Amino acid sequence: MTLELVRSKAEEVLGFNPYSTEYNVFIVEMTPLMAQYILDHLNNDNRKVVESQLAAIRKSAGTHGWLWDGGACIFTTKGNLLEFQHRLKIIVERGDTVKTIIVTGVDPSVFHKAAPAKNRTVTDVINKQDKTATSDEVTTLRQLLKRRAGQDAQAKGAPTLTMTNAVEQWEIWKTYIRRGMNVTSDFFDGRVKQFSPWERQFNAWAT
């Protein structure tokens, strides 16, 4: 399909002009047909698709549905998709129609000029509920759960630290973690440096 035909067909299929030079924000009902058209014809200047990201969205959509999280399907002034390609693929895969924020008229250079949003971590999830939690304490929690799970058959069904259960597990273990870290604090005073790489494991054991 020629560029001229893509441009003329795009508005007919999508109901909006992805080549717009005006900065615009609006909401559409994104159908699998629309999503596939974008992936086929308007996704020519994007990153490689990452299978782990597809798996994460597939799991989230399957477990929680399509959550209204403010994420937007973004098009540059050249009509190229900038963000949302992984979600579009799962929309097609699942055959869902999803209410979607559309942004048009974005400068193509923002991809390499603008600072990206910070990746969310388990520590971020816990800090939203408890600002006193430290990264070392959260790492100790991760090590603790890993060691309580054991290995092989013993580990089956045992909880590991995830974005979903982070707050719950922190509330269960935070008092014990802080007591455990207090026990080891004198040991990790800078004088026994050869054990420093294993400080979290020591903290988990003390917990």
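Modeller: Relative accessible area sorts residues into buried (under 20%), exposed (over 50%) and partly exposed (in between), using a 1.4 Å probe on protein chains only. This is a predicted model, in which local features need pLDDT of at least 70 and side-chain atom pairs count only at pLDDT 80 or more, while totals for chains, interfaces and linings use all residues. Residues are numbered from 1 along each chain as its sequence is written, and side-chain values use heavy atoms, with hydrogens and water left out.

Biologist: In what order do the elements of the protein run from the N terminus on?

Modeller: Helices (H or I, at least four residues) and strands (E, at least two) are DSSP runs, numbered from the N terminus. The protein has nine helices and four strands. From the N terminus on, their order is α-β-α-α-β-β-α-β-α-α-α-α-α.

Biologist: What is the radius of gyration of the protein?

Modeller: The radius is taken over C-alpha atoms, and the globule rule is 2.2 Å times the number of residues to the power 0.38. For 207 residues the rule gives 17 Å, and the protein is well over that, so it is more spread out than a compact globule. Along the principal axes, the C-alpha atoms fill a box of roughly 70 × 40 × 30 Å. The radius of gyration itself is 23 Å.

Biologist: What share of the contacts with a separation of 6 or more comes from residues 24 or more positions apart?

Modeller: A contact means heavy atoms within 4.5 Å. Of the contacts in the protein with a separation of 6 or more, the share from residues 24 or more positions apart is 74%.

Biologist: What percentage of the 207 residues is buried?

Modeller: The count covers the 207 residues of the protein. Asn203 is an example of a buried residue, with a relative accessible area of 2%. Buried residues make up 34%.

Biologist: Which residues does Asn203 touch, not counting those up to four places away in sequence?

Modeller: Asn203 is found in helix H9, which covers residues 199-206. With residues up to four places away in sequence left out, Asn203 touches Thr140, Met181 and Thr184.

Biologist: How many aromatic pairs does the structure hold?

Modeller: Rings of Phe, Tyr and Trp (its six-membered ring) pair if their centres lie within 6.5 Å; planes under 30 degrees apart are stacked, over 60 edge-to-face and the rest tilted. By that rule the number of aromatic pairs is eight.

Biologist: Why is the pair of Phe16 and Phe26 edge-to-face, and what is the angle of their planes?

Modeller: The ring centres are 5.4 Å apart, and the pair is edge-to-face because the planes stand at 65°. Phe16 lies in the loop between helix H1 (3-14) and strand E1 (24-30) and Phe26 in strand E1, so the pair ties together parts 10 residues apart in sequence. Phe16 is buried at 5% relative accessibility, whereas Phe26 is partly exposed at 26%. The angle asked for is 65°.

Biologist: How far apart are Trp173 and Tyr176, centre to centre?

Modeller: Trp173 and Tyr176 form an edge-to-face pair with 65° between the planes, 5.8 Å centre to centre. Being three residues apart in helix H8 (residues 166-184), Trp173 and Tyr176 are separated by about one helical turn. The centre-to-centre distance is 5.8 Å.

Biologist: Is Tyr176 buried or partly exposed?

Modeller: Trp173 is buried, with a relative accessible area of 14%. Tyr176 has a relative accessible area of 42%, so Tyr176 is partly exposed.
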